[in-house]
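Hi,

Here is the structure I said I would pass on. Have a look at it first, and then read my notes below.

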Amino acid sequence: MDFIEFFLRTGIALIAGLLVGFERELKNKDAGIKTNGLVSLGAAIFMLISLQFEGETGVDITRVLSQVVVGIGFLGAGVILRKGTNIQGLTTAATVWCCAAIGCLSAMGMFKEVTLVTVMIIVVNFIFGYIDKWISTK
């Protein structure tokens, strides 16, 4: 992979993560612009490193993908807090996890899918956040 392709795939991952993070930042959530952007970028970088070994004997490039999923699970667990009987941060953790998926999609060059998933995450967090608050008041 040449430098331009690497730059394009990581750049799109970063931009998509930053857009998702912007929505979280607007809602004053702990994991905002920087966190979601860096998670998406990091996932893309790890996937691109893995893709360099594609076709090598005895190498399973899908192992990196599975480790990104597991590793982000640990990061997401760090934003989940329990306050009395309330649990906070589940949506933020799920958003960070989805940003890792965006990075993986971008690394694979699936840019239409990155766009779709980014919009879907923002819509779910933005619109359904208000619906969730409305339901909670009922």
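**What I found**

Going along the sequence, the chain runs α-α-α-β-β-α-α, which comes to 5 helices and 2 strands. Keep in mind that this is a predicted model. The C-alpha trace spans about 60 × 25 × 20 Å along its principal axes. Of the 138 residues in the chain, 33% are buried. If you take the contacts between residues at least 6 apart in sequence, 63% of them join residues at least 24 apart.

The crossing of helix 1 past helix 4 is right-handed.

Which residues meet there? From helix 1 you have Arg 9, Ile 12, Ala 13, Ala 16, Gly 17, Val 20 and Arg 24. On the helix 4 side they meet Thr 91, Thr 92, Thr 95, Cys 99, Ile 102, Gly 103, Ser 106 and Ala 107. Sorted by class, this contact has 7 nonpolar, 6 polar and 2 charged residues. As for the spacing in such lists, an α-helix has 3.6 residues a turn, so residues three or four places apart point the same way.

Helix 4 itself has 18 residues and reaches 26 Å from its first C-alpha to its last, close to the 26 Å expected at 1.5 Å a residue. Its buried residues are Thr 92, Ala 93, Thr 95, Val 96, Cys 99, Ala 100, Ile 102, Gly 103, Cys 104, Leu 105, Ser 106 and Ala 107. What covers them includes helix 1, helix 2, helix 3 and helix 5 (111-137). Just after helix 4, have a look at Gly 109, which takes a positive phi of about 80 degrees.

Helix 2 (residues 33-51) is also worth a look. Its 19 residues reach 27 Å from first C-alpha to last, close to the 27 Å expected at 1.5 Å a residue. Among the residues buried in helix 2 are Asn 36, Gly 37, Val 39, Leu 41, Ala 44, Met 47, Leu 48 and Leu 51. The cover over the buried residues of helix 2 includes helix 1, helix 3 (62-77) and helix 4.

Cheers

Terms used. Residues numbered from 1 in each chain as written. Predicted model: local features only at pLDDT ≥ 70, side-chain atom pairs only at ≥ 80, totals over all residues. Heavy atoms only, no water. Left-handed = near helix turned anticlockwise from the far one by under 90°. Helix = DSSP H or I, 4+ residues; strand = E, 2+ residues; numbered from the N terminus. Contact = heavy atoms within 4.5 Å. Nonpolar A, V, L, I, M, F, W, Y, C, P; charged D, E, K, R; others polar. Expected span 1.5 Å × (residues − 1). Buried < 20%, exposed > 50% of the residue type's maximum accessible area, 1.4 Å probe, protein only.
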